[in-house]
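Visitor: Before we begin, could you take me through this model by setting each value against the rule that gives it its name?

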Amino acid sequence: MAQAKPRVKVPKKASKDEVIAIKTLISHKMESGQRKDKEGNVIPRQIINKFTCEFNGKMVFGCDLEPAVSANPYLEFNVRVPESGTFKFSWVDDDGSVYTKESKITVE
Amino acid sequence: MTVSLNRRQALALGAGAAALFLTVGTRGEAFAASDDVKKAIMDFTGGKEPAAGKVELTAPEIAENGNTVPVSVAVDSPMTAEDHVASVMLLAAGNPNPGVATFHFSDMSGECAASTRMRLATTQDVIAVAKMADGSVFIDTKTVKVTIGGCGG
């Protein structure tokens, strides 16, 4: 399949203990396993089934996705940032591949 | 004084009445066929009956395209280490499989809110169930009308 391209939007700076909004999007067809091709065969399911967000190695947000999530799954959530650090985002595909992206934030 | 209707007005009235009837009809049906949904909720809560309140589910009243329906959920909680929302499950009662997504929060979340986009096969109820760190559960339901279904043929 086409390479899934993860994108995240994290503010570069924040004040201590500020609650920031993080937006993530990954290009993925999220084949639901419900559709059929022209010959009537079921197209096998292939979705992103799990998303996690870690901050400095600590899990802060996670999500289990089902086939009912739209193509190019979009997620928005909040995180309270106590210190400068790195966010690590991972998406797990049904075929076992993991797409990751990192993003740094400075607390001042 | 006589009330006279031209053809256009008469048709509009008829369509309005039909729409009203349909809305009432589908609501009853959505609540009847929910064994799968009940089971999913019970599995999630560990057999606890969820109470109303605290959770706020936001979804459009009418979704033109069932392939991408924006939905967001927010829970009223201080999100401290002792008192925070553990997870929130989203369900679509009228889809082939009711599960949509389960969000896992932590005391680092700051505010308990998340949004995503989902597929809806038809007009149906969308349900959000929130599980707190102390084990209590809350629920919110919204009906979304779908013009074009989003589950393929």
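**Values and the rules behind them**

Guide: Asn41(A) counts as partly exposed, because its relative accessible area is 43%, and the rule calls a residue buried under 20% relative accessible area, exposed over 50%, and partly exposed in between, with a 1.4 Å probe and protein chains only. This is a predicted model, in which local features need pLDDT of at least 70 and side-chain atom pairs count only at pLDDT 80 or more, while totals for chains, interfaces and linings use all residues. Residues are numbered from 1 along each chain as its sequence is written, chains are lettered from A and ligands numbered from 1 in the order in which they are written, and side-chain values use heavy atoms, with hydrogens and water left out.

Visitor: What does Asn41(A) touch, not counting residues up to four places away in sequence?

Guide: Asn41(A) touches Arg35(A) and Lys36(A) once residues up to four places away in sequence are set aside, where contact means heavy atoms within 4.5 Å. Asn41(A) itself sits in the loop between β3 (18-26) and β4 (48-55) of chain A.

Visitor: Why is Met79(B) called buried?

Guide: Met79(B) has a relative accessible area of 2%, and the cut-off for the buried class is under 20%, so Met79(B) is buried. Met79(B) lies in the loop between β4 (69-75) and β5 (85-92) of chain B, and its phi is near 55 degrees, a positive value in a residue other than glycine.

Visitor: Which class does Lys54(B) fall into at 44% relative accessibility?

Guide: Lys54(B) is partly exposed, because its relative accessibility is 44%. Lys54(B) also has a positive phi, of about 65 degrees, although it is not a glycine, and its place is the loop between β1 (51-52) and β2 (55-58) of chain B.

Visitor: How many helices and strands does chain A have, and how many does chain B have?

Guide: Chain A has 0 helices and 8 strands, and chain B has 2 helices and 9 strands, where helices (H or I, at least four residues) and strands (E, at least two) are DSSP runs numbered from the N terminus. Read along the sequence, chain B follows the pattern α-α-β-β-β-β-β-β-β-β-β. Of the 108 residues of chain A, 43% count as buried, and in chain B buried residues make up 41% of 153.

Visitor: What makes the link between Asp107(B) and Lys58(A) a salt bridge?

Guide: The side chains of Asp107(B) and Lys58(A) meet at 3.6 Å, N to O, and a salt bridge is a side-chain nitrogen of Lys or Arg within 4 Å of a carboxyl oxygen of Asp or Glu, so the pair meets the rule. Across the interface of chain A and chain B, the rule finds 1 salt bridge.

Visitor: How many residues are in contact between chain A and chain B, and what area do the two chains bury between them?

Guide: In chain A, 31 residues are in contact with 29 residues of chain B. The two chains bury about 2400 Å² between them, with 47% of it on carbon and sulfur atoms; buried area is the accessible area (1.4 Å probe) that two parts lose on being put together, summed over both. The size of an interface is often given in this way, as the accessible area lost when the parts come together.
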